[in-house]
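User: Hi! Could you walk me through the packing of this model, one question at a time?

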Amino acid sequence: MSILQRISVVWQSISLIQRALLAAVAMTCIIAGGFLAHWASRPDMRMLYQQIDPEEASKITEKISEKGIAYELRDGGTALYVPKQHVYQLRLDMARDGLPSGGQVGYKLFDTQSVGVSPAVQDINLKRALEDEIAKSIQMIDGVTYARIHIVSAKQALFTSKADKTTASVVLRIKSGYRLSPSNIAAITNLVAGAVEGLKPENITVADSKGNLLAKDSKEKTDHGAGTVQDYRERVEKNLEEKVLDMLTLVLGPGRASVKVSAVLNMESGSI
C-alpha cells in the first residue's frame, strides 16, 4: 500500500471534526512557513542617516532609488535604513554629491552666484555663508547633531561715531543622553566670537532645541542671582534631573529613561 493510499484510509476513518482540525493545522503550518520565508529573505537593514530633514531625505532616497537599492524610512521619516552591504558605499556616493548638507550650503553659495549681484545681496549672502560655516564647525563637537547661527551685525549711524554691538544667537540640537559641559559652551561662544569681526563672547546667546538657555549675555549673568524663589527652585530641579538622567543613561542607554524632580526648598535663614 502506497503512502497516499494510507493517508486516504486514515482520512476516511477519522471524524469530520478531526478532519477540520487537521486542515487547520496544515494551513497554519503553510502560513507560518510563508511568513518565515519572507522574513528570512528580507535584507539586514542598517541605519544610513538619522535626524535628517524631509527635504534632505527626499534627495537622498531619490539617489538611492536610481541605484535600485531598497530603503526604509523610520522615526517619522527622519531615519533612513538601507541593506547592510550598501551602507558605506552609499555614504561615499552621497558625500560626493554633497548630501546630506543639513541645509547648510556655506561658502558653496558663491559657486552659483550670478554676475551683477548688488553689494547688498553680496553682504547678505556672505553673512549666510559665514553662519553656515560656523554651524558646521560647531556640529563637529561631540554631542551636537545640528547647529543654527543668527548674526546681527553692528550698524554705524550716519551722524555719530557710536555703533551698535554685534550680537549672535546659537541654537543647538543635542544628542539624546548628552549634556554639554560649561567648557563646551565656553568653547562654542569663543568659536563664534573668533569667527565674526567685532563680536564678543558676552554678546552671544546659546540655547538648545528644547528651549533651555545654555549661555546668556553679560547683563543677564549679572542679574542671574536676583531671580525669584521659583527660578531658583527650577534651577535646582533641572540640575538634579540632569544628574539622575546621566546615571540612568549609563545603565539603560540613551533615550530610555525620563526623570522629573519636584524640589521642596527651605528658604529660612538663621544666625549662629
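User: Which residues have the most contacts inside the largest nonpolar core?
Analyst: Happy to start there. A nonpolar core is a set of buried Ala, Val, Leu, Ile, Met, Phe, Trp, Tyr and Cys residues joined through side-chain atoms within 4.5 Å, and buried means under 20% relative accessible area, exposed over 50%, partly exposed in between (1.4 Å probe, protein chains only). The largest such core has 20 residues, and those with the most contacts inside it are I138, V170, L172, V192 and I204.

User: Which elements give two or more residues to this core?
Analyst: Helices (H or I, at least four residues) and strands (E, at least two) are DSSP runs, numbered from the N terminus. By that naming, the contributors of two or more residues are α5 (119–138), β4 (144–152), β5 (166–174), α6 (182–195) and β6 (199–208).

User: How should I read the numbering and the values?
Analyst: This is a predicted model, so local features need pLDDT of at least 70 and side-chain atom pairs count only at pLDDT 80 or more, while totals for chains, interfaces and linings use all residues. Residues are numbered from 1 along each chain as its sequence is written, and side-chain values use heavy atoms, with hydrogens and water left out.

User: What does I138 touch, not counting residues up to four places away in sequence?
Analyst: Contact means heavy atoms within 4.5 Å. With residues up to four places away in sequence set aside, the partners of I138 are V144, A147, I149, V170, L172, I188, L191 and V192.

User: On which side or sides of α4 are V87, L90, D93 and M94?
Analyst: These four residues are buried in helix α4 (residues 87–96), whereas Y88, L92, A95 and R96 are exposed on the other side.

User: Which elements do the buried residues of α4 pack against?
Analyst: One of those buried residues, M94, also belongs to a second, separate core of 13 residues. The packing partners of the buried residues of α4 are β1 (45–49), α3 (54–66) and β3 (79–83).

User: How far from E241 is the nearest side chain of opposite charge?
Analyst: E241 sits in helix α8 (residues 229–252), and its side chain reaches the backbone nitrogen of V261 at 3.1 Å. Lys and Arg count as positive and Asp and Glu as negative; His and the chain ends are not counted. A salt bridge is a side-chain nitrogen of Lys or Arg within 4 Å of a carboxyl oxygen of Asp or Glu. E241 is buried yet has no salt bridge, and the nearest side chain of opposite charge, K260, is away by 4.1 Å.

Definitions and conventions
Polar contact = N/O pair within 3.5 Å; in protein donor to acceptor, adjacent residues only side chain to side chain.
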